[in-house]
Structure formats: C-alpha cells, structure tokens
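The sequence and the structure are shown first.

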Amino acid sequence: GFTWRTYERNDDWRDEERLLTRDLIYQPDSFAILSQLGFIYNRSNRADQACELFKRSVELAPNWWINTNNLGVCLFSKGQLDEAKKYFKISAENGNYHLAYENYAKVLIQQKDYVEARKFINWALQSFPNNPVLAQLLASIRDASN
C-alpha cells in the first residue's frame, strides 16, 4: 500500500518538472501546478509551452496574481507587450504584487512611454517605498530623458 506509493513518489522526484508533470496527470485543473510548471518551462526557454500553461492557469483562476504575472512575463519575453501589460495590470490589481508593478513599469519603459512610466512608478512607490527595482527604473527614465 503506502510503502509502494512512497517508492513510486520518490521516483517522481527526479526533478521538479517531472514531479509536477506527474501531478498534473492526477490534477489537470490545478491552476497552481500549471503555473509552476509554466514557470519551469519559461525558465528553460520553452516560452510557447509556458504561455499555454499560464493561459490555462489564468482560465482556471483569473484573479490569482501569481499566474497572471507569470503569463505577463511569458508574453513580454515573446515581445507581446500590450498583452503582457494587460496581465501585469490584472496581477497588480488583484494582489498588490510588487513584481507585477515592476513588470508593468518595464513594459511602459520598453514602449518608451516615459511620461506614463514616471507617473506609474511614482504612484507605485507609495505602496512600495523601499523597492529598489522601482527606484532603479525611475532613475533609468531620468537618464533616458536627458
């Protein structure tokens, strides 16, 4: 019974990707597993596969700030800036998630919308006054404007 299952489970744990892939077989609608597996795929330069998993995760849990931010990151890496910005905004609104704020600002800067980026970062710094990434992004806008 449990001894054999423990043995099987230990075999699943060769690496995190294998473990999550096996878990997904038994829990295909787990938004958390889909998002984590997507993160692993994105980290290993499999953006297309990652984006599909993130999209499915967002379909299952549209108000979770982690998966919406992850989908935004994936879309950003593929150059789909407007779509990425949409998901970063959803993530920030739903979770007050500092990474979503940082990523939203990065999209604005990438799009060279420096006026909106400056306004947004100054606003975001009210919620995250000690955030070094936001501070650095604001400084980069000042440098780009000169």
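Is Arg 56 buried, partly exposed or exposed? The model is a predicted one, and in it Arg 56 has a relative accessible area of 31%. Buried means under 20% and exposed means over 50%, so Arg 56, at 31%, counts as partly exposed.

**Salt bridges**

The structure holds eight salt bridges. One of them joins Arg 56 to Asp 29, with the closest N and O atoms 2.5 Å apart. This pair links distant parts of the chain: Arg 56 belongs to helix H4, Asp 29 to the loop between H2 and H3, and 27 residues separate them. Asp 29 is partly exposed as well, at 48% relative accessibility. Together with Glu 59, Asp 29 and Arg 56 are linked in a network of salt bridges.

Lys 55 and Glu 52 are both in helix H4, three residues apart, which is about one turn of the helix. In helix H8, Lys 119 and Glu 116 are likewise three residues apart, and therefore about one helical turn separates them.

| Pair | N to O distance |
|---|---|
| Arg 56 – Asp 29 | 2.5 Å |
| Lys 55 – Glu 52 | 3.8 Å |
| Lys 119 – Glu 116 | 3.8 Å |

Lys 55 is partly exposed, with a relative accessible area of 36%. Lys 119 counts as exposed at 56% relative accessibility, while Glu 116, at 29%, counts as partly exposed.

**Overall fold**

The protein chain has nine helices and zero strands. Of its 146 residues, 39% count as buried. Among contacts with a separation of 6 or more, 41% are between residues 24 or more positions apart. The accessible surface of the chain comes to about 8,700 Å², and carbon and sulfur atoms account for 52% of that area.

**Helix H8**

Helix H8 covers residues 114–127. At 1.5 Å a residue, its 14 residues should span 20 Å, and the end C-alpha atoms are 20 Å apart, so the two values agree. The buried residues in H8 are Ala 117, Phe 120, Ile 121, Ala 124 and Leu 125. They cover an arc of only 140 degrees around the axis, which means that they sit on the same side of H8. The face turned away from this buried side carries the exposed residues Val 115, Lys 119 and Gln 126.

**Nonpolar core**

Which residues touch the most other members of the largest nonpolar core? They are Phe 120 and Ile 121, in a core of 38 residues. Helices H2, H3, H4, H5, H6, H7, H8 and H9 each supply at least two residues of this core. H7 provides the largest share, seven residues.

Leaving aside residues up to four places away in sequence, Phe 120 touches Tyr 101, Tyr 104, Ala 105 and Leu 108. With the same exclusion, Leu 137 touches Glu 102, Ala 105, Lys 106, Ile 109 and Ile 121.

Leu 137 is found in helix H9, residues 132–145. Its relative accessible area is 10%, so Leu 137 is buried. The C-alpha atoms of Leu 137 and Ala 117 are separated by 8.8 Å, the two residues being 20 apart along the chain.

Notes:
Residues are numbered from 1 along each chain as its sequence is written. This is a predicted model: local features need pLDDT of at least 70, side-chain atom pairs count only at pLDDT 80 or more; totals for chains, interfaces and linings use all residues. Side-chain values use heavy atoms; hydrogens and water are left out. Helices (H or I, at least four residues) and strands (E, at least two) are DSSP runs, numbered from the N terminus. Buried means under 20% relative accessible area, exposed over 50%, partly exposed in between (1.4 Å probe, protein chains only). Contact means heavy atoms within 4.5 Å. Accessible areas come from the Shrake-Rupley method with a 1.4 Å probe; for residues, only the protein chains shown count as cover. The expected span of a helix is 1.5 Å times one less than its number of residues. The arc is that of the directions from the helix axis to the C-beta atoms. A nonpolar core is a set of buried Ala, Val, Leu, Ile, Met, Phe, Trp, Tyr and Cys residues joined through side-chain atoms within 4.5 Å. A salt bridge is a side-chain nitrogen of Lys or Arg within 4 Å of a carboxyl oxygen of Asp or Glu.
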